[in-house]
Amino acid sequence: MIAIISDIHSNLEALQAVLDDIEKRGIQRIVCLGDIVGYGPNPRECLDLIMERCEACVCGNHDVAVFYEPYSFNLGAERAAFWTRTCLEEEPNKEVRDRRWQFLGSRPVKYRGEGFLCVHGSPRKPINEYIFADDVFSNPNKLMDNFRRLEEMTCFVGHTHVPGVLLDDPYFDPPDELGEPDVFELGERAIINVGSVGQPRDRDWRASYVVLKEDRVEFKRVKYDIEKTVKKIRSIGDLDDFLAERLKEGR
Ligand code: ZN
C-alpha cells in the first residue's frame, strides 16, 4: 500500500491529520506530488514532515516559485511565495535552513513507481500544466496528447486541487461518481488526481489523498482543525485573508 498526497501548501494541521490517518491504516510508504509550500502559514514544519515521512516527492509550481520570480501567479499567491521565501530564509539554525533549501531545490519533476507515474501537473508538462475535468469537453486534444505520452497505465497528478479520475475516452469522474464511490479499480489507463491536502477546491474543505493498493485506488477525506489554520493565515499580513476564506469553502 502506498499513500499518495499532494498540494500541502504549508497547511500543517491538514498535513498532520493526513499523516495520522495514513499511520492509522498501517501504511508505511508515502509519495508526495509537490506544492509543499505556498498559500499557507507553516512552510518550515511542512517541509520537515515531508522530508521525514515521504519516500519520494516531486516538484510543484509553488515549490519552484520560492526560488524564482513567480510565474503566472495571482497577487495573493505571489505575495505568499515571497513571504514563504522570507520565512525559510529567517530560520535561525543554518543547518536546518540549508537542509530545507537543498531539499526544496532538488526535487525531481517525475517519479516512477511500480507501473505508475507521479507528476505534479501533467505527463507532458509535469510542473505547470493543469488537467481540468472540463478539458473533456473544452480541450480533449490536450487530454489525448497527455495519454499518448504516458507510458504507464496509471498516472497520479495534483495541481488542480480537485480529486477524480480521467479516462482516455475521454471522461472525468469525481470520486463519488465512481462505480463504487471513492474507489477506482485499476485495469484501464487513467490519470488520477489525488486532490489537495492543504487547500481542496471541490467544495469539500476536508483534506484529500489516495491510497494505492494492488488492484485499486481509494480516495480518502480527512477532517482537521481548520479554524486553527484560518487563524494563523489571518494573523500573517502577507497572507491574504481570502486564502483563509477559501479553505473554509473548499475552493
Ligand atoms: Zn497546488
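This is a predicted model: local features need pLDDT of at least 70, side-chain atom pairs count only at pLDDT 80 or more; totals for chains, interfaces and linings use all residues.

Trainee: Okay. Which residues coordinate the zinc ion?

Mentor: D7 and D35 through OD, H9 and H161 through NE2. The distances run from 1.9 to 2.4 Å.

Trainee: And why is the arrangement irregular?

Mentor: The angles subtended by the four donor atoms span 86 to 176°. Tetrahedral would need all angles between 85 and 135 degrees. The arrangement is therefore irregular.

Trainee: How are the donor residues spaced in sequence?

Mentor: The pattern is D-x1-H-x25-D-x125-H. D7 sits in the loop between β1 (2-5) and α1 (12-24), and H161 in the loop between β6 (154-157) and β7 (164-167). So this pair ties together parts 154 residues apart in sequence.

Trainee: Is D7 buried or exposed?

Mentor: Buried, with a relative accessible area of 0%. H161 is buried too, at 1%.

Trainee: Switching to the sheet. What's the strand order?

Mentor: β4-β5-β6-β10-β7-β8. That's six strands in an open sheet with mixed pairing. The edges are β4 (111-112) and β8 (171-173), each pairing on one side only.

Trainee: In what sense do β4 and β5 pair?

Mentor: Antiparallel, over two bridges, with β5 covering residues 116-118.

Trainee: What stands opposite R112?

Mentor: L117, in β5.

Notes:
Residues are numbered from 1 along each chain as its sequence is written. Side-chain values use heavy atoms; hydrogens and water are left out. Donors are N, O and S atoms within 2.8 Å of the metal (3.2 Å for Na, K and Ca); water is not among the atoms, so sites may look incomplete. Four donors count as tetrahedral if all angles lie between 85 and 135 degrees; four count as square planar and six as octahedral if opposite donors are over 155 degrees apart and all others between 65 and 115; anything else is irregular. Helices (H or I, at least four residues) and strands (E, at least two) are DSSP runs, numbered from the N terminus. Buried means under 20% relative accessible area, exposed over 50%, partly exposed in between (1.4 Å probe, protein chains only). Two strands pair if DSSP finds at least two bridges between them.
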